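Hello,

Here is the structure I promised to pass on. My notes on it follow below.

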Amino acid sequence: MDSNPTGYLTNVAYTDNYYEQLSPAALNYLAGVNGHAPRSLSDFDYCELGCGSAVSLLVHAATHPGGRFVGIDLNPEHIARGEKLAAAAGIRNLTLVAEPVSDALAASGLPAFDFIVMHGLYAWVHPEVREVVRRFIDARLKPGGLVLVSYNARPGCTAREPLRDIMRRFALPLSQDPLERVQLGLSYLRLMLNAQVPFFRLNPELAKYAESLFERDPHYLAHDIFIDTWNPLGVETVAGEMGDIGLQFAGSLPLWQNHPEADIPDNLAGLFSAQTERVTREVHKDFIYNTVFRTDLYVRPATDSQSLPGRTKALWNMRFSAVVPTDAVQLSMQSGSLSLPLNTRESRMVFGLLQDGARSPAELATHTGLAHMSPDTLVETLCWWVLSGQVRPVTQEGDGGELPSAAGLNRALLAAAFQEPDREKTWLASPRFGCAFPFDKAQALALCALSDSAEQSPSTALHELMQESGLSVEQDGVAMSESELIELAEQLFDELEVAGTLDSARRLGVIE
Ligand SMILES: C[S@@+](CC[C@H](N)C(=O)[O-])C[C@H]1O[C@@H](n2cnc3c(N)ncnc32)[C@H](O)[C@@H]1O
């Protein structure tokens, strides 16, 4: 197997992925909801370790022009792909480094970071590499800086170990090639599933999981099953390791995990009501929910003030906006074990105001209908809306300021998606929310053409985009005429209207 000195697989590229939880705006909200001060979004440094082909970094760099972004990945193919997309999208606030994380890199000319994130790295490498990662963080994280780490977690992921083990035992002696090994491992599983062997009869959840592997991209499976360094971790282990470099546990995803009103089933709440030590609580939650994957936030406490600002203060000036229209709003929703109290007069009023534009709790508090609410209650009301997924934090700080354009990136992501025939979706970046949302490829094509149509006719914009994306602009071997292109453009735009996609794309800020 082709591998580098860290033991990680390098001869098979990983899949392109986007993760909204890595967005600086999302990280700030997660910190704030747990009472930690958010970082400035108008001037900051951000680093992603093991960034793969850097799709998340590209989106975040395009939508946060106040940030300077660095991505590090040991696989030169991943970095080359990210650089190609960055060049096509005209992104200049991103530097990509094709090297393993190392002490030398930590000591090189990199800046000190406000954010360091890693998705799918920490539990995929040897303990010695985890140590290097921690030394890197220790050397390069600012006081008050935030770290997001996501990893395969105990006990849920550990329970899957026998499947991974048997696939490897079967496939490793038969081939050196990682993708061939994936096919061999899957064929073994198919045989066992079809034979309804006792293992699967006695472990129906694992049978479901085994079936789900057939839906996954083989490149993903090569990295998940056929690397030697895979190792699910307990939250207490990761918290202990981060504690060794002075970081404190600061929150977890999904968001409901940060609200004690929601995070433990009602019938067990009494048992844990006195459990205020957060990591211990998380350990019990992982048992209760059989957690498979964790996404945790850590903070390096600022040296000047050890005290937490608290949730209300941390979120007071953060701005939020609604992402669903009033006629589609859901007032009755469950989040974890909590029925969200959305259907009160004040709560509906908060939602109504966030329909009109982005507002912070400080701005909401000046509204006459909300002036009687205490700051804590107002912020809590807003948090329930965020938990419902119907309101989100926005990127822009304060009033005014032009939102950056993500049109170039969206075109580049679209072209890349069309180069992969099996891919149904692409991501479109939203400068308003500082993240990207998935869209069907044909719908995304029409949306990008529409957002380009300020400078040229929609059919010309569509023609150009189709050519950029390598799509045929011929019908029956003959180049499409102007009138045929206009007809195609109108048909695509009509479909957007009918499906409500145009409206939701505008709300999500992916087109203006
Ligand atoms: C499982 S993939 C995850 C990729 C991406 N973060 C994602 O979640 O889609 C792990 C990534 O970490 C990179 N990697 C592994 N060991 C590394 C190291 N020591 N230094 C830098 N990158 C590393 C791999 O090349 C790969 O891109």
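How many bridges join strand E12 to strand E13, and do the two run parallel or antiparallel? Strand E12 (residues 425-430) and strand E13 (residues 435-440) run antiparallel and are joined by 6 bridges. Strands pair if DSSP finds at least two bridges between them. Ala-429 has Ala-436 in E13 as its bridge partner. The hairpin of E12 and E13 has 4 residues between the strands, and Gly-434 takes a positive phi near 70 degrees there.

Two ground rules. This is a predicted model, where local features need pLDDT of at least 70 and side-chain atom pairs count only at pLDDT 80 or more, while totals for chains, interfaces and linings use all residues. Residues are numbered from 1 along each chain as its sequence is written. Helices (H or I, at least four residues) and strands (E, at least two) are DSSP runs, numbered from the N terminus.

Now the helices. H6 (residues 161-171) packs on H7 (residues 178-194) at an angle of about 115 degrees, and their axes are 8 Å apart. Axes are lines fitted to C-alpha atoms, for helices over the stretch in contact; angles run from 0 to 180 degrees between N-to-C directions. From H6, Ile-166, Met-167, Phe-170 and Ala-171 meet Arg-181, Leu-184, Gly-185, Tyr-188 and Leu-189 in H7. Contact means C-beta atoms, placed from the backbone, within 7 Å. By class, the contact of H6 with H7 has 7 nonpolar, 1 polar and 1 charged residues. Nonpolar covers Ala, Val, Leu, Ile, Met, Phe, Trp, Tyr, Cys and Pro; charged covers Asp, Glu, Lys and Arg; the others, Gly among them, are polar.

H7 also meets H10 (residues 218-225). Their axes come within 9 Å and cross at roughly 90 degrees. H7 and H10 are therefore roughly perpendicular (65 to 115 degrees). Pro-178, Leu-179, Val-182 and Gly-185 in H7 meet Pro-218, Leu-221, Ala-222 and Ile-225 in H10. That contact divides into 7 nonpolar, 1 polar and no charged residues.

Last, the domains. The assignment gives domain 1 (20-155 + 232-299), domain 2 (160-225), domain 3 (316-393) and domain 4 (407-507). Such bounds come from an automatic or database assignment. The centres of domain 1 and domain 4, taken over C-alpha atoms, are 33 Å apart. Their contact takes 16 residues from domain 1 and 12 residues from domain 4. On the domain 1 side, H1 (24-33), H2 (55-63) and H3 (76-89) each give two or more residues. H2 gives the largest share, 5 residues.

Best wishes

Terms used
Two residues are in contact if their C-beta atoms, placed from the backbone, lie within 7 Å. Angles under 35 degrees count as roughly parallel, over 145 as roughly antiparallel, 65 to 115 as roughly perpendicular and the rest as oblique.
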